[in-house]
Structure formats: C-alpha cells, structure tokens
Amino acid sequence: MKVGIELGMTSAGEPARLDLEELLSTRLLVQGNSGSGKSHLLRRLLEQSAPWVQQAIIDPEGDFVSFSERFGHTVVDAERSPGELQRIANRIRQHRASVVLNLEGLDAEEQMRCAAAFLNGLFDADRTVWFPMLIAVDEAQLFAPAVAGEVADDARKASLGAMTNLMCRGRKRGLAGIIATQRLAKLAKNVAAEASNFLMGRTFLDIDMARAADLLGMERRQAEAFRDLEPGQFVALGPALSRRPLQVRIGSVDTAGRSGRPSLMPLPETPRDALEDLIFDPAGDVLPMPTPNPARAIATAELMRRIETGRMPETGAEPETDPRSEEERQALIDGIYAELLSDPEAAFRPVPLLYQDFQFHCRLKKLGTFGQDMSSFRRRLALARAGITAEEGDAAWQQVLSVSESLPEEMQGVFLMIARAAREGAVCPPDEALARAYGSHSPSRGRWLLTYMAEQGLIRSEADFRGNRTVAIAGVGWRTAAGSPKTAGKPAAPASKLASAQALILGFAGSGRTGDEAAGDMHPDEPDPDEGHPGEGTVAAE
C-alpha cells in the first residue's frame with residue numbers, strides 16, 4: 001500500500017509529500033541548529049504517519065509525551081533495569097504498540113545506556129514479529145557521538161553500537177530509523193551515512209554547511225544558502241522525498257512539546273532592595289524537615305528532660321539510700337562523661353568499652369544504678385560529644401534533636417556536632433574532625449558521613465569555587481560558615497560553646513592545649529585504614 005505523508009508546502013506552493021513505504025526502506029536524516037524547527041518537523045512527520053505505521057520515539061527531553069493523549073502512544077519510563085527495558089521492547093514488537101521512551105531527568109550517560117538497551121530489545125526481537133516500525137531518535141548526536149566525550153567508554157560504545165545496528169541492519173528487521181541532530185559534525189559518520197533521505201535546515205558553521213551540501217549533492221559555493229533558511233524551512237532530498245534538492249516549509253502540528261520556542265515577556269517591577277532580599281534570603285534555602293523516627297525507645301527530648309531533672313532511666317532494683325541529692329549525683333555523672341571524653345583515644349574506642357569504663361567509674365563513686373542503662377549512655381554520650389546541654393531547650397534545637405534520632409546512634413553525635421556549628425555560624429568541621437567524631441582515622445569516612453546524611457534529607461552540603469564547604473541543616477535554616485574540608489578551621493565565635501564541643505569531640509578537652517595545637521594530633525598524611533562502610537544502623541567498631 002502506497003501512503004503519502006504531507007510534510008508541508010514547497011517553495012513553488014505545491015504540497016510536499018513523503019513516500020512512507022519508501023521511507024521504511026531508506027531511512028531519514030534531519031539536521032538543523034537549535035531553533036531551526038527540527039523537532040517541529042519530527043512532530044509533523046510522526047503525527048501524519050501515526051495512523052499508518054507503528055512508532056517508537058527516543059525522547060531525551062520529554063517533548064513527545066503528548067503523543068500519549070493524542071495518538072495513544074504508551075510512555076515508557078526509562079528508569080528501569082536494562083533487562084526490563086529489553087523485555088518491554090520485545091513485547092512492544094509483539095503487540096505492535098507505538099511508544100515514547102521518555103529519558104527526561106537522566107544524565108547523558110544514563111540516557112545512552114537506556115536507549116541502547118531499548119534499541120537492542122527492538123533489534124533482537126524474534127523474526128516472527130519483524131513488522132514495519134519507525135524509530136525516531138531526537139538529538140541523535142547524544143546517542144551516536146562522533147568522538148569520545150566525558151561519558152564512560154562502555155556507555156558510549158553500547159549506545160553507538162545500538163544506533164549503528166538501527167541504521168545499518170535495521171531494515172531487514174522492519175526498523176526504519178529517523179534521526180535528528182543539531183550538528184552533522186557531532187554525529188558518527190557511519191550512522192549518518194546509512195540514511196538515503198535528508199532534510200537539512202538552517203545551520204551556520206562552515207563544516208556543517210559543507211557536509212550538508214555534500215550529502216545533498218550541492219556545490220560548495222551553494223552551501224551558504226543554509227544560513228538563509230528560516231525556522232521551519234528545510235532542503236529535502238532522497239527517494240522518499242525528491243530526486244533533486246527541494247526547499248520545503250513544514251506544516252502545522254496538532255500536539256505541542258513542553259519546551260516551546262522562547263518568547264519575550266516583561267520583567268517584574270520589583271524594587272531593587274526587595275529583589276536583593278529575595279535573592280539573598282537564607283530562608284529560601286531551608287530544607288524540609290524529615291519526619292522523625294517514632295520507633296526510638298527513648299526520645300531525645302525526654303532524655304534531655306531527665307538530664308535536666310536528674311531523673312535518668314534506671315534498670316533493676318531501686319538503689320540504696322544515698323544521702324547525696326540528685327543534683328549532686330548528676331554532677332558526678334557529668335564529671336564522669338567529661339573524664340571519659342578527655343582521653344585523646346576516646347573517639348576511637350568502641351562504645352561498649354566506654355560503657356564498661358563508665359560503669360566502673362560509677363561504682364567507684366558509689367552511684368549504684370543511677371543513669372547507667374546502655375541506651376541512655378549511648379544517647380548521653382552523643383549529646384556530650386556534641387557539647388549539648390539541657391539548658392538548650394528552644395524549639396528549633398529540640399526539633400533538630402528529634403530528627404537526629406532517625407540516624408544510627410553512632411552517627412548522631414556527628415550530626416549534632418554539625419548542627420551546633422551551623423547554629424552558631426561557625427565554620428564547617430573538616431573531614432578529619434567528622435571522622436574522629438565517628439571513631440575513625442580516615443578522612444574519607446567523614447565525607448561519607450556527610451553524603452549519607454544528605455541522602456537521608458537531613459542536611460545539604462555544598463562547596464564553593466574554592467572548595468570550601470558549607471552545610472545547611474534541614475528544617476531550621478541553620479548554615480555553617482564556609483570551611484575547608486581538609487583543614488581544621490577556627491569557629492566564628494571563639495568563646496562559644498562550640499569550641500568546647502569540638503574540643504570534646506576531637507579528644508583534647510582538659511589537655512591544657514588549644515584546638516589549633518591539638519589539631520596536630522590528626523595525621524593528614526596517615527594512610528586510611530582498610531575499613532569498610534558500616535551497614536545501615538550498625539556500629540563499625542562493635
């Protein structure tokens with residue numbers, strides 16, 4: 001059956017037709033700079049041919065998903081495994097369904113891998129389902145690059161191989177490639193050379209004009225005519241289009257993409273001062289507060305209340321009568337925590353061993369079972385390492401304390417340490433300090449901790465052009481000052497509680513030395529120990 005697709009009008013005012021049956025055997029290449037009407041041409045061709053032939057559209061920007069409503073195309077979300085994409089492609093050929101492979105939101109390397117898996121699934125279908133099918137690939141230079149770029153070599157080879165199969169060997173399998181590119185120079189030659197039909201739009205670079213002229217059989221002196229083409233105008237040549245170069249103006253379309261042609265619009269009439277406030281307002285950077293984990297046995301807020309009142313959770317029988325008041329016993333407990341953390345190696349000792357030392361000191365001071373259960377010890381230790389006291393009871397801080405419970409216990413002290421720095425506007429702790437707070441000698445562990453917390457939505461870590469890092473705490477708008485991740489920085493307020501908190505966490509509290517002096521204990525040149533990442537919610541040292 002012979003079907004003619006009307007693309008638009010020729011320069012002579014006659015209808016410009018494309019022989020669809022011939023196109024299935026000879027393939028099509030469309031070229032044009034951004035804004036030349038290339039996507040509009042693809043849309044016109046696909047709309048006109050949709051009732052006659054099965055279609056698959058490789059859509060890197062999500063511009064063709066509107067075909068789902070108008071023509072019943074199935075939208076395939078590309079965020080799937082390669083095996084799943086290949087199975088879907090196979091079923092598409094079996095049931096002769098028209099689809100749009102939506103690659104929007106993926107980076108270039110992921111788009112290449114997904115397109116390769118999908119095209120290979122179409123190509124490898126069983127011979128019994130080799131029905132005619134148009135495969136339209138927009139921005140084909142992304143999937144068949146002429147030279148290696150910044151993407152992984154295996155992704156480039158897989159994508160280029162799939163595109164080569166489509167254009168070189170697809171005809172016998174009923175696959176007809178329609179590829180559109182912004183620049184011929186960026187498209188692999190072995191892919192472009194397999195097309196017998198061409199629609200060349202506006203282009204300005206000499207190398208692209210010369211190559212377009214060669215493909216159309218035009219003389220080099222005629223190549224500059226491509227600069228004079230208007231958006232929507234193309235020069236057509238090929239057995240499915242015209243035996244001689246023919247200028248065509250593409251007709252209208254029924255569907256529309258989400259990224260249309262930009263148009264001018266008036267700027268908002270906002271006063272300069274107000275505009276500066278809107279741009280630099282830190283409240284706009286506030287992250288949404290994650291939902292705290294309600295499964296924790298003892299809420300941090302309750303623990304803070306017990307610390308403040310001196311009523312810590314107890315285990316076992318009631319202690320013997322003690323003539324000392326609860327305030328006095330709580331002061332002794334605080335002194336034991338301070339003594340434990342004054343040891344420079346305390347940061348690297350497993351929590352169970354610290355707990356044993358804690359119980360030993362409690363027995364020496366005859367505290368009985370006052371405040372000595374393991375759960376309370378872990379949380380109280382995290383608070384002490386971050387320099388948190390019961391007096392800090394404002395709503396924002398209580399909110400941060402509650403959210404910290406969603407982290408594994410061994411990470412809570414690190415999170416609270418960062419939160420303290422952010423609250424006071426001090427510099428962001430360096431990687432070594434974060435790792436030491438976690439109980440590790442490896443700076444890379446400090447970077448991993450930040451990455452993990454960012455993935456959980458608790459913080460946002462950003463680096464400026466100098467590599468200095470700032471960390472914002474979700475939900476409260478606190479932000480650290482910029483600090484180098486490789487060197488220990490000085491806090492913005494030296495006399496603040498943050499100084500003592502960092503001293504505790506770095507293990508030099510009570511040593512009689514300043515933070516800068518004790519920072520020499522950290523060995524930046526020391527090789528990282530062979531330590532694997534802990535499983536979620538596990539303690540590596542334990």
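By a cavity I mean a set of grid points where a 1.4 Å probe fits but cannot get out. Keep in mind that this is a predicted model. Searching the whole structure turns up three cavities of 30 Å³ or more.

How big is the largest cavity? Its volume is about 40 Å³. The residues lining the largest cavity are Leu119, Asn120, Leu122, Phe123, Ile135, Ala162, Asn165, Leu166 and Leu175. Sorted by class, that lining has seven nonpolar residues, two polar ones and no charged ones. Helix 5, residues 108-123, and helix 6, residues 153-169, each contribute at least two lining residues. Helix 5 gives the largest share, with four.

Next, helix 11. This helix runs over residues 326-341, 16 residues in total. From first C-alpha to last it reaches 23 Å, close to the 22 Å expected at 1.5 Å a residue. Buried in helix 11 are Arg329, Gln330, Ile333, Ile336, Tyr337, Leu340 and Leu341. Viewed down the helix axis, the buried residues of helix 11 fall within an arc of 130°, so they line one face. As background, an α-helix has 3.6 residues a turn, so residues three or four places apart point the same way.

Last, helix 16, residues 431-438. Eight of its eight residues are buried, so helix 16 is largely enclosed by the rest of the structure. The buried set includes Asp431, Glu432 and Arg436, along with Tyr438. Just after helix 16 comes Gly439, with a positive phi of about 100°.

That is what I had.

Key. Residues are numbered from 1 along each chain as its sequence is written. This is a predicted model: local features need pLDDT of at least 70, side-chain atom pairs count only at pLDDT 80 or more; totals for chains, interfaces and linings use all residues. Side-chain values use heavy atoms; hydrogens and water are left out. The expected span of a helix is 1.5 Å times one less than its number of residues. Buried means under 20% relative accessible area, exposed over 50%, partly exposed in between (1.4 Å probe, protein chains only). The arc is that of the directions from the helix axis to the C-beta atoms. On a 1 Å grid over the protein atoms alone, a cavity is a set of points where a 1.4 Å probe fits but cannot get out, and a pocket is an open set with protein on both sides within 12 Å along at least five of seven lines; lining residues have an atom within 4 Å of a point. Grid points are joined across faces, edges and corners, and a volume is the space filled by probe spheres set on the points. Ala, Val, Leu, Ile, Met, Phe, Trp, Tyr, Cys and Pro count as nonpolar, Asp, Glu, Lys and Arg as charged, and the others, Gly among them, as polar.
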